[in-house]
Structure formats: C-alpha cells, structure tokens
Amino acid sequence: MSSHVFNQSSKSTASPASPSAIVDQIVAGWQAVQDSTPLVQCLTNTVVQPLTANVLIAGGAAPAMVDVVGEAEVFAAIASGVLINLGTVAPGQQAAMPVAAQAAHENGTPWVLDPVAIGALPVRTNLAHTLTAFQPTVVRGNASEIIALSGGVGGRGVDSTASVEEAADAARAVAEKTCGVVAVSGEVDLITDGSTEIRCVNGSPMLTQITGAGCSLGAYITAFVATIEDPVIATAAAHVCFGIAGERAAQKASGPGTFGVYLLDEIANLNADIIRAEAKLP
Amino acid sequence: MSSHVFNQSSKSTASPASPSAIVDQIVAGWQAVQDSTPLVQCLTNTVVQPLTANVLIAGGAAPAMVDVVGEAEVFAAIASGVLINLGTVAPGQQAAMPVAAQAAHENGTPWVLDPVAIGALPVRTNLAHTLTAFQPTVVRGNASEIIALSGGVGGRGVDSTASVEEAADAARAVAEKTCGVVAVSGEVDLITDGSTEIRCVNGSPMLTQITGAGCSLGAYITAFVATIEDPVIATAAAHVCFGIAGERAAQKASGPGTFGVYLLDEIANLNADIIRAEAKLP
Amino acid sequence: MSSHVFNQSSKSTASPASPSAIVDQIVAGWQAVQDSTPLVQCLTNTVVQPLTANVLIAGGAAPAMVDVVGEAEVFAAIASGVLINLGTVAPGQQAAMPVAAQAAHENGTPWVLDPVAIGALPVRTNLAHTLTAFQPTVVRGNASEIIALSGGVGGRGVDSTASVEEAADAARAVAEKTCGVVAVSGEVDLITDGSTEIRCVNGSPMLTQITGAGCSLGAYITAFVATIEDPVIATAAAHVCFGIAGERAAQKASGPGTFGVYLLDEIANLNADIIRAEAKLP
C-alpha cells in the first residue's frame with residue numbers, strides 16, 4: 001500500500017489521499033492558523049511554559065496559561081483549544097486539569113492531552129486515565145507514554161524506551177477508546193485515529209537536545225486542531241511544520257542554545273512556499 | 001497644549017516640563033538604578049519568571065522571586081520594590097499576594113501591580129480588586145486590563161481589544177482610586193497619576209512577538225520606582241529605556257527567538273548617550 | 001602547602017594529588033557522565049527550571065522535574081541523582097522536598113542541596129535544616145548561604161554579601177555535620193568534605209549576569225555525583241567544566257542574552273581536549 005493516508009479497517013470513511021494532496025491540506029491548515037490567531041489555553045508544566053508560549057506566538061496563536069480552579073474551567077469553554085500536559089503536576093494544576101478537560105469536552109472545545117512520563121509515576125498516571133475519559137481530540141506522546149496510556153508498561157521518565165512502531169497498536173487502541181487522534185512522536189511520527197494514519201518524517205535530532213520541544217509541539221498541535229476541522233490533518237500539519245522549522249534551525253545552530261533560539265525564528269518565518277518545498281511524507 | 005507633562009486638573013502640583021527636561025530626568029533615573037542595584041521582589045507568573053529575572057539583572061537590579069506565605073510578607077518589608085503580576089495565580093501565590101501587598105503598603109515599599117488578563121477571569125479579577133486596596137505605586141496593564149480594573153468590560157486573555165486612548169479615562173479613575181500611577185501599554189504608552197501625564201512612543205512591534213515583554217516591563221518599572229522619587233518619571237523612564245532596547249534588538253533580530261536574546265543584550269548595554277539620543281516623547 | 005587537594009585534619013584518607021592528576025580525574029569524570037546519561041531528578045525553583053533542564057541535557061544528563069508528593073519519593077529511589085533547590089518553595093514543593101530527600105537518603109541515591117537565599121527567609125531556612133538531616137551528598141551555595149546553613153548570619157536574597165574564604169570554616173562545619181561535600185561558589189570556588197579540599201577558578205563574571213547559572217551548576221553537579229564515586233572530585237569536575245563553558249561563552253557573547261545561549265552551546269560542545277587545555281587549578 002503506497003498511499004500515505006490509508007484505511008486500517010473497514011469502518012474508516014477516509015479516502016486515501018496522495019502525498020501532494022496531503023501537503024496541500026497541510027499548507028492550507030497552516031495558513032488557516034495564521035489567519036485566525038487561535039486562543040490556546042495551556043495547563044502545562046512549569047519547565048516548558050516559556051518555550052511553549054513563545055512557540056504558540058511564533059506559530060500564529062495566542063497563548064493563555066490559565067491553570068487554576070475557578071478560571072481553568074471558565075476559560076476552557078471560550079478558548080479555541082486547550083492543552084493539558086502532565087510534565088509537572090503541582091497540586092493546583094492537579095485540581096484544575098479535570099475541570100478544564102470536562103469544560104472543554106462539554107463545550108466542544110478541541111483539546112490535546114500530553115501524558116508526559118506516565119507509567120512509572122503514579123499521580124500523573126491516575127490523572128491521565130481520569131482525563132482520557134473526557135475524550136481528548138488528540139493525545140500526543142512518545143512511544144512509552146502511549147503504551148503506558150493503553151495499559152502497557154511505560155518508560156524511564158521523559159525518555160521513550162520503546163520505538164514508535166512498537167507503540168502503533170497501543171496508539172490505535174487509545175484512539176479507539178478516546179474516539180480521537182493519537183500521535184506518537186519519534187524519528188518517524190505516527191498519527192492515527194484508529195483507521196486513517198499518516199506518518200511524518202520532518203524533524204531533527206536537535207529537537208531532543210533542548211527541553212520542551214515535544215511539549216511545545218503539543219501546544220502547536222492544539223493551535224492546529226483549534227482551527228482545522230480534520231484532526232488527523234491538523235495533527236499531521238503541526239508535526240510537519242514544526243519538523244521543518246526544526247530542520248532549518250538545526251542547519252544554523254552551533255549547539256542546543258542557538259538551536260532553541262533559531263527554532264522560534266524559523267517557526268515564525270515559515271511560509272507556504274517553504275512548507276510545500278520541505279514537507280516530507282514517507 | 002504642547003508640553004509633554006501637563007496638568008489635567010487644578011489639583012496637580014507638577015510643573016509642565018519640556019521634552020528635553022524629561023529626557024534629562026529619564027537619563028538621571030536610569031543612572032540611579034545602575035548605581036543602587038535595587039532589590040526587586042517578584043510575585044509573578046511562572047511563564048515569564050526567567051525573562052523577568054534576566055531583564056531585572058540586565059537592567060541593573062537584583063531579582064528575588066519570593067512568593068510564598070511566611071516569606072513574601074517578610075521580604076516585602078525589606079525589598080527595594082515589589083512586583084505583583086497576576087499572569088498565573090497558583091494557590092500558593094493567591095495566598096501570598098495580599099500579604100505581600102499589605103506588607104509593602106505598611107512599610108512604604110514601592111510596589112507595582114500588573115493585573116494580567118483580568119476581566120473575564122474571576123479569580124484574578126477578585127484578587128486585583130483586593131490588591132488595589134493596598135494602593136500600588138504603579139498599576140501597569142494593557143487597555144483592556146485597565147478598563148476592567150476600573151470596573152469596565154475587559155478583553156480576551158492577555159491581548160487587549162481596546163486602544164490606549166479608549167482606556168485613558170479608566171486609567172485616570174484607577175489612579176485617583178489608588179493615589180498612584182497607572183501606565184497603559186500600547187503603541188503609545190500613557191502614564192498618568194490622574195493629573196500629570198506622559199506619553200511614550202519608544203518600542204517595537206516585536207515586543208508583542210515574545211511572551212513576557214509586558215510582564216518584564218512591569219518588573220523593570222518596579223526597579224525604577226524603587227529608586228526614583230517621582231513615580232511618574234520613574235514609570236516613564238522605564239518605558240522609554242525598555243522601548244529603546246526593544247527597538248535596537250528588533251534591528252538585529254531575524255525573528256522572535258533572536259529578538260528575545262538581543263533584548264537582554266540591549267537592556268544591559270544601554271547607556272546615557274543611547275538613551276539621550278533615542279528617547280522619543282511625542 | 002602547594003598541593004591542590006590536601007588534608008585539613010588527620011582523619012582524612014585522601015592522598016594529596018597533583019593538579020595534573022586532578023585534571024585527569026576531571027576529564028575521566030566528564031567522560032563518564034557522557035557515557036552514562038544519568039537521570040537527574042530536580043525539585044527546583046520555577047525561575048530556573050528551563051535553563052536547568054537545558055544545562056543537564058547539554059551536559060549529557062537526562063532531567064526529570066518530578067516534584068510532587070506521591071511521585072517525588074518514588075522517583076528519588078530510582079533516579080541517578082536528585083537536586084533539591086530552595087529558590088522558590090511553593091507549598092507543593094515544600095511538602096515534596098523532605099520526602100524526596102528521605103527517599104534519596106534511604107535508597108543511596110546521591111543528592112545535592114542548594115539552599116538558595118536561606119538566612120533571612122524563614123520558610124526555606126527551616127526547610128534547609130530539615131533537609132540537611134538527610135545528609136546531602138553535596139551542599140552547594142554562595143558564601144552567605146553556607147554561613148547561614150552553619151548557623152551564622154546570611155545575606156541579602158540570592159546575592160552573597162560574604163566572601164568564599166569567610167565561609168571556609170562554615171563550609172567545613174557543614175561538611176562535618178552532613179558527612180558530605182560542601183561547595184562554596186564565588187570567584188574562587190571552595191570544595192571541601194571537611195578534610196580534602198579543592199579550589200576552582202574557572203568561570204566568568206558573566207555567569208552572575210543571568211538568572212540560574214548557580215542553580216544550574218547545582219544540577220550539573222548532581223549529574224557528576226550521580227556518576228562518579230568520589231564526590232569531591234565529582235563536584236570539582238562539575239565546577240571546572242561549567243566554568244570553562246562559561247569562559248568560552250563569555251568570549252562570544254555581546255551581553256547577557258547571547259551569553260545564556262552560548263553557555264548551553266559551550267556545555268554541549270565540551271570535549272576532553274578542551275577541558276584538559278583550559279582547566280585551571282590555583
């Protein structure tokens with residue numbers, strides 16, 4: 001099977017699309033984000049908040065880190081999209097995350113769950129299962145995290161000890177459970193809703209040499225699913241655009257410090273021509 | 001009326017000052033900050049803490065993020081100035097902010113309130129009204145935030161939906177209530193104590209392309225009001241110096257990543273000649 | 001006495017080592033960190049979390065900011081090393097720090113205490129004394145902080161008001177109490193376990209012009225003590241390598257913004273030849 005978006009089972013209604021048709025959708029999706037400035041609420045870990053907010057602004061979105069009870073649920077009802085990232089789970093955030101997820105779910109606000117380092121760590125693992133019940137539009141994680149979320153054995157902290165393909169069945173199982181999209185990040189990213197699947201290869205090993213690249217990608221995905229109707233295409237578009245920016249930043253960088261700086265420049269300086277020329281679908 | 005500092009009402013005792021006289025005061029104020037290394041306590045949001053601390057150091061001040069009950073009120077009594085920024089209001093900070101404001105007020109420590117995104121968000125809106133009773137030396141916000149603080153209808157998250165001039169009456173009303181200064185940030189910044197007013201135009205649109213520029217300006221203002229007797233001049237001096245650094249950083253930057261880095265370099269590399277040459281008062 | 005590692009008292013079993021022998025151990029230690037990717041758990045302040053995580057990755061370690069009760073103690077038992085930094089002590093961290101320290105102590109996980117700004121601030125001062133009972137492998141601080149930890153009078157916020165040599169007796173007293181190493185950071189760093197002592201002079205004044213350099217050094221030390229058996233050599237190796245990177249970054253930087261970026265590049269680009277050529281032991 002050579003198509004890049006294909007059906008896994010008979011239940012899918014997605015038409016197989018050619019790579020160039022997908023690239024067209026990605027470019028259109030990126031443009032839609034630029035045109036609409038989606039308001040992205042983030043309940044995310046304190047380590048990556050500055051980079052995450054800067055990635056969102058560079059990407060054409062408006063970040064709002066509203067993460068306390070009494071505000072999180074109010075804002076989730078009006079935001080364009082909500083990110084819930086479990087990287088650090090201070091007591092205040094632990095309480096706010098379920099109410100924000102519930103409000104997003106009940107108000108039809110697209111939302112993204114990033115189950116950072118679940119598996120070995122009990123508080124966030126329980127939280128991830130509670131949150132999953134509110135049907136995240138997208139779950140984004142590394143292979144170990146997706147395996148853990150599906151009920152398997154997770155990895156060592158934030159590093160994945162499993163490969164993306166080892167997590168493919170787990171990804172499909174989680175997608176079925178949430179009726180949403182699951183994105184497994186790795187050298188080749190897998191994006192699946194249980195039937196339609198896209199693999200993305202844009203990116204750079206330098207993205208693993210700074211803190212928060214994956215977490216920021218989760219926020220960037222939120223901007224896209226807040227804007228574009230098809231969450232598989234939205235998630236793929238975010239991966240491709242982020243990956244292209246990462247490749248371009250790596251070419252300029254002399255180390256992880258300059259890489260992190262150029263990554264923001266390159267996200268902000270993306271345009272339709274660059275995306276069209278540099279998008280790679282395997 | 002062509003003077004740049006002028007009286008709004010008969011109660012003012014400020015003399016009209018010429019632009020060049022104001023620039024002299026700004027240069028002298030900047031020098032005083034460099035000479036005294038004011039100790040600036042920050043209770044500020046977790047998104048902007050790194051940039052805020054770095055802006056303060058680059059600006060000649062010493063930051064101290066002391067924001068828990070049991071310490072915040074102790075430190076507010078001895079710090080040179082205190083910043084309270086409502087950008088994220090985790091439970092621990094919610095509790096510490098009023099005790100810090102009260103201690104600053106009772107001990108005569110100048111303090112600055114940045115009522116980030118109040119209006120739509122109930123927890124911080126209530127907190128802002130509680131804090132205002134402790135008479136902040138300066139309130140700094142965008143137009144929507146100042147309108148919300150005066151009792152009007154606020155904006156969408158951190159972005160202002162109103163213009164600075166639309167907020168002018170609200171700014172004067174808040175200044176009257178707090179017996180302090182109100183600064184409304186925008187393309188043209190308005191600084192008022194209800195009678196004396198200065199408008200500042202230094203700055204760059206790039207300052208809106210990174211997270212935390214406005215929040216860091218709030219901290220930078222705190223360093224100036226902690227050092228200079230006249231809070232209107234202190235607030236204007238901070239706006240002008242920060243704006244000049246932003247203009248110079250924008251000239252070098254190739255995007256928001258490099259802009260954020262150069263902003264710190266330019267704040268640190270300011271000197272009296274640069275300020276005198278580049279200060280713009282409309 | 002011209003040796004660089006020497007005995008202070010008869011109880012020491014350390015052999016005096018020549019500077020070149022120490023440099024050999026530092027190079028070997030640095031290589032061991034690169035080869036083992038130690039997993040460093042951080043309970044650290046929110047201001048410096050991004051820089052700290054990036055320094056750890058650049059330095060060859062894997063950061064994990066696991067700092068809530070229910071997870072912190074679980075992770076401290078399996079991490080390669082634990083950093084506890086008192087720079088901001090939100091209620092959730094206040095509760096998690098003692099349980100993490102206890103778990104590290106009971107499971108033989110090397111751990112580092114950075115008693116930021118203790119002395120004047122009561123919450124963290126009490127916390128520091130509680131934590132000290134769990135025998136940190138290394139205590140790292142400035143002179144004022146080490147004096148305060150030994151029971152003396154501390155400084156003003158995060159800035160030291162005492163010199164390293166004024167803190168030497170306090171450092172030895174704390175080392176004796178914790179049966180561990182104490183590192184006093186300053187122009188000349190003092191590293192002592194109460195008997196063996198090393199002084200390090202690599203570094204740059206620019207390290208004081210950004211927020212979090214000292215705090216990140218605490219994390220970097222944790223990566224080394226997690227990897228290398230001798231904690232005096234491990235602590236010295238971290239100081240020397242970090243100081244060399246700081247010197248190299250300062251040569252390239254045009255201000256504190258670019259300095260912070262190049263610091264990460266230079267930490268990542270260290271190699272055995274650079275360390276051997278540029279290590280300075282007084």
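Contact is taken here to mean heavy atoms within 4.5 Å, and on this criterion the contact between chain B and chain C takes 27 residues from chain B and 28 residues from chain C. The structure is a predicted model, in which local features need pLDDT of at least 70 and side-chain atom pairs count only at pLDDT 80 or more, whereas totals for chains, interfaces and linings use all residues. Residues are numbered from 1 along each chain as its sequence is written, chains are lettered from A and ligands numbered from 1 in the order in which they are written, and side-chain values use heavy atoms, with hydrogens and water left out.

Between them, chain B and chain C bury about 2,000 Å², of which 64% lies on carbon and sulfur atoms; buried area is the accessible area (1.4 Å probe) that two parts lose on being put together, summed over both. On the side of chain B, the residues that lose the most area to chain C are B:Ile57, B:Glu71 and B:Asp265, which together account for 25% of what that side buries.

The relation between the copies was examined by superposition, which is done by least squares on the C-alpha atoms of residues with pLDDT of at least 70 in both copies. In general, two copies of a chain are related by a rotation about an axis and a shift along it. Chain B is superposed on chain C by a rotation of 120 degrees with 0.0 Å of shift along its axis, at an RMSD of 0.0 Å, and the two copies are thus related as by a three-fold rotation axis. The C-alpha of chain B nearest this axis belongs to B:Thr46, at 3.7 Å from it. The surfaces used by these copies are different, since 11% of the contact residues of chain B recur in chain C. For chain B and chain A, the superposition likewise takes a rotation of 120 degrees with 0.0 Å of shift along its axis, and the RMSD is 0.0 Å. Here, too, B:Thr46 has the C-alpha of chain B nearest the axis, 3.7 Å from it. Only 11% of the interface residues of chain B are also interface residues in chain A, so these copies meet through different surfaces.

Helices and strands are DSSP runs numbered from the N terminus, with helices (H or I) having at least four residues and strands (E) at least two. Axes are lines fitted to C-alpha atoms, for helices over the stretch in contact, and angles run from 0 to 180 degrees between N-to-C directions. Angles under 35 degrees count as roughly parallel, over 145 as roughly antiparallel, 65 to 115 as roughly perpendicular and the rest as oblique.

Between chain A and chain B, the axes of helix α10 (residues 256-269) of chain A and helix α10 (residues 256-268) of chain B come within 6 Å and cross at roughly 135 degrees, which makes α10(A) oblique to α10(B). In this pair, A:Val261, A:Tyr262, A:Leu264, A:Asp265 and A:Ala268 meet B:Pro256, B:Gly257, B:Thr258 and B:Val261.

Within chain A, the axes of helix α1 (residues 19-36) and helix α9 (residues 231-252) come within 9 Å and cross at roughly 85 degrees, which makes α1(A) roughly perpendicular to α9(A). The contact of α1(A) with α9(A) has eight nonpolar, one polar and no charged residues.

In chain B, eight strands form an open sheet of mixed pairing in the order β2-β1-β3-β4-β5-β6-β7-β8, two strands being paired if DSSP finds at least two bridges between them. The edge strands of chain B are β2 (62-64) and β8 (197-200), each of which pairs on one side only, and the twist averages 20 degrees from one strand to the next. Strands β4 (residues 111-114) and β5 (residues 138-142) of chain B run parallel and are joined by two bridges, and B:Val112 has B:Val138 in β5(B) as its bridge partner.

Key: Ala, Val, Leu, Ile, Met, Phe, Trp, Tyr, Cys and Pro count as nonpolar, Asp, Glu, Lys and Arg as charged, and the others, Gly among them, as polar.
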